[in-house]
Amino acid sequence: MEEQMNTLNIKSKEVGLKMHKGKTKFMKNYENDDTIQIENASIEKVQKYKYLGKSTCMKDLTKEEVDIRIRAGWSCFGRNREIFLDKNMILSLKKQVDDQCILPTMTYGCQTWSLTKIIGNKLKVAQRAMGKKF
């Protein structure tokens, strides 16, 4: 693994990229090494990391990821509550905000989820609960 990381560092420099030694991590589940040395800098081994808002790990984290996305959906709902709780606001506008803001927030990264009935049901329950508020 150390040889691969050194090769990556060299090839990156050839095209003008620089590896940030403090931010670079590696993840491998069958090696005992906790760190790798590259140019006198230690690259830390991690069990999971977050990239573009999505947790990445060697095991299936779909359930945890769905819980995170549901909380993000509720947060988005809270930021737009004046629209949803306004009795004078037309329903089509509320539905449009739901479709354009909350639903994409809740389903971000869903292409990589292992969707089960339990997870699908959790999403439906959260969406219904939000729908009852408006």
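1. K95 counts as partly exposed, its relative accessibility being 39%. Salt bridges with shared partners join K95, D98 and D99 into one network. The model under discussion is a predicted one, and the remarks below should be read accordingly.

2. The side chain of K94 does, however, reach the backbone oxygen of F84 at 3.2 Å. With its neighbours within four places in sequence left aside, K94 is in contact with I83, F84, D86, M89 and F134.

3. The salt bridges come to five by the rule applied. One of them joins the side chains of K11 and E14, at 3.9 Å from N to O. The two residues are three apart in helix 1 (residues 2-14), which means that about one helical turn separates them. E14 is exposed, at 57% relative accessibility, whereas K11 is partly exposed at 47%.

4. A further salt bridge, between the side chains of K13 and E39, has an N to O distance of 2.4 Å. This pair links distant parts of the chain, 26 residues apart: K13 is in helix 1, and E39 is in the loop between strand 2 (35-38) and strand 3 (41-45). E39 is partly exposed, with a relative accessible area of 47%; K13 is likewise partly exposed, with 43%.

5. The geometry of helix 2 (residues 62-79) agrees with expectation: at 1.5 Å a residue its 18 residues should span 26 Å, and its end C-alpha atoms are 26 Å apart. Its buried residues are T62, E65, V66, R69, I70, A72, G73, C76 and F77. These cover an arc of only 160 degrees around the axis, so they lie on the same side of helix 2. K63, R71 and R79 are exposed on the other side. The cover over the buried residues of helix 2 includes strand 5 (54-57), helix 3 (81-85), helix 4 and helix 5 (117-133).

6. T24 is found in the loop between helix 1 and strand 1 (25-26). Is T24 buried or exposed? Its relative accessible area is 18%, so T24 is buried. A polar atom of the T24 side chain lies 2.6 Å from the backbone oxygen of H20. Apart from its neighbours within four places in sequence, T24 is in contact with M5, M19, I43 and E44.

7. D86 is among the contacts of K94, while the contacts of T24 include M5 and I43.

Note on methods. Residues numbered from 1 in each chain as written. Predicted model: local features only at pLDDT ≥ 70, side-chain atom pairs only at ≥ 80, totals over all residues. Heavy atoms only, no water. Polar contact = N/O pair within 3.5 Å; in protein donor to acceptor, adjacent residues only side chain to side chain. Contact = heavy atoms within 4.5 Å. Helix = DSSP H or I, 4+ residues; strand = E, 2+ residues; numbered from the N terminus. Expected span 1.5 Å × (residues − 1). Buried < 20%, exposed > 50% of the residue type's maximum accessible area, 1.4 Å probe, protein only. Arc of directions from axis to C-beta. Salt bridge = Lys/Arg side-chain N within 4 Å of Asp/Glu carboxyl O.
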